[in-house]
Amino acid sequence: LIMMLLHSATVSAYHIGTKGAAWGAAEKAQWLAERTIKRSYADEVLAKLDAIRGELQDFEVVQYGALPIDPARYPLFAVRSREWVKARPCVLVTGGVHGYETSGVHGALRLLQTKCKDYAERGLDILVAPCVSPWGYEHIQRWNYDAVDPNRSFKRNDPDACGSQEARALVNLVRNHGSDGWAC
């Protein structure tokens, strides 16, 4: 019985595409059409950023992009040290690169609420992107809306070579802060 269960588990195929063949536009469109929203980026991330905005006197909330699938629904926000000094050491904190990993999103938001001021007082510049992949967060997906894993598409210091909009926007944000002293 165990051998039969193991055998049936290894031969079952995903219902989209052909095993061993890369997905084309039709398979990606089918996959995207089957995705449904399961939680709210606006309620769980954007509202929390708005709520802590006034509490963070030494920090500012900046929009660094938006996802082209729905820019109004998926703006990309980060929180940064208000008095950025390029000569100081810098810390980048990210969450939600994979949308099904909620602890990073909520951990980054909690860090902003509880510890960022302490680190800034120690002479660090801090940049926090609490939800790098908001579409993935809402749909509880590792991939983004293009069926791309944002974490596998970063190219340090080369935003044009990044394989996803999320990675491209974040690399541009980091690059625009112009420091070689990053402690990621």
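Trainee: Among the contacts in the chain with a separation of 6 or more, what percentage is accounted for by residues 24 or more positions apart?

Mentor: This is a predicted model, and in it such residues account for 64% of the contacts in the chain with a separation of 6 or more. The chain has 7 helices and 5 strands, and from the N terminus on the elements run α-α-α-β-β-β-α-α-β-α-α-β. Of its 184 residues, 40% count as buried.

Trainee: What makes His139 buried or exposed?

Mentor: The cut-off for buried is under 20% relative accessible area, and His139 is at 6%, so His139 counts as buried. His139 is found in helix H6, and, leaving aside its neighbours within four places in sequence, His139 is in contact with Arg35, Thr36, Ile37, Lys38 and Tyr74.

Trainee: Which residues have the most contacts inside the largest nonpolar core?

Mentor: That core has 42 residues, and those with the most contacts inside it are Val45, Leu49, Tyr64, Val79, Leu112, Leu127 and Val128. Several elements each supply at least two residues of this core, among them helix H3 (41-53), strand S2 (75-81), helix H4 (102-114) and helix H7 (165-176). The largest share, 5 residues, comes from H3. As for Val79, its contacts beyond the neighbours within four places in sequence include Leu49, Leu112, Leu127 and Val128.

Trainee: Where does H3 bend, and what do its buried residues pack against?

Mentor: H3 bends by about 30 degrees at Ala47. Its 13 residues reach 17 Å from the first C-alpha to the last, close to the 18 Å expected at 1.5 Å a residue. The buried residues of H3 are Tyr41, Val45, Leu46, Leu49 and Ile52, and they pack against S2, H4 and H6.

Trainee: How do you know what span to expect of H7?

Mentor: The expected span is 1.5 Å times one less than the number of residues; for H7, which has 12 residues, 16 Å is expected, and the helix reaches 16 Å from its first C-alpha to its last. The buried residues of H7 include Glu166, Ala167, Leu170 and Val174. Just after H7, Gly178 takes a positive phi of about 45 degrees.

Trainee: What makes the phi of Ile140 and the phi of Ala147 worth a remark?

Mentor: Most residues other than glycine have a negative phi. Ile140, however, has a positive phi near 55 degrees, and Ala147 has a positive phi of about 60 degrees although it is not a glycine. Ile140 lies in the loop between H6 and H7, and Ala147 lies in the loop between H6 and H7 as well.

Key
Residues are numbered from 1 along each chain as its sequence is written. This is a predicted model: local features need pLDDT of at least 70, side-chain atom pairs count only at pLDDT 80 or more; totals for chains, interfaces and linings use all residues. Side-chain values use heavy atoms; hydrogens and water are left out. A nonpolar core is a set of buried Ala, Val, Leu, Ile, Met, Phe, Trp, Tyr and Cys residues joined through side-chain atoms within 4.5 Å. Buried means under 20% relative accessible area, exposed over 50%, partly exposed in between (1.4 Å probe, protein chains only). Helices (H or I, at least four residues) and strands (E, at least two) are DSSP runs, numbered from the N terminus. Contact means heavy atoms within 4.5 Å. The bend at a residue is the angle between axes fitted to the seven residues ending there and the seven starting there.
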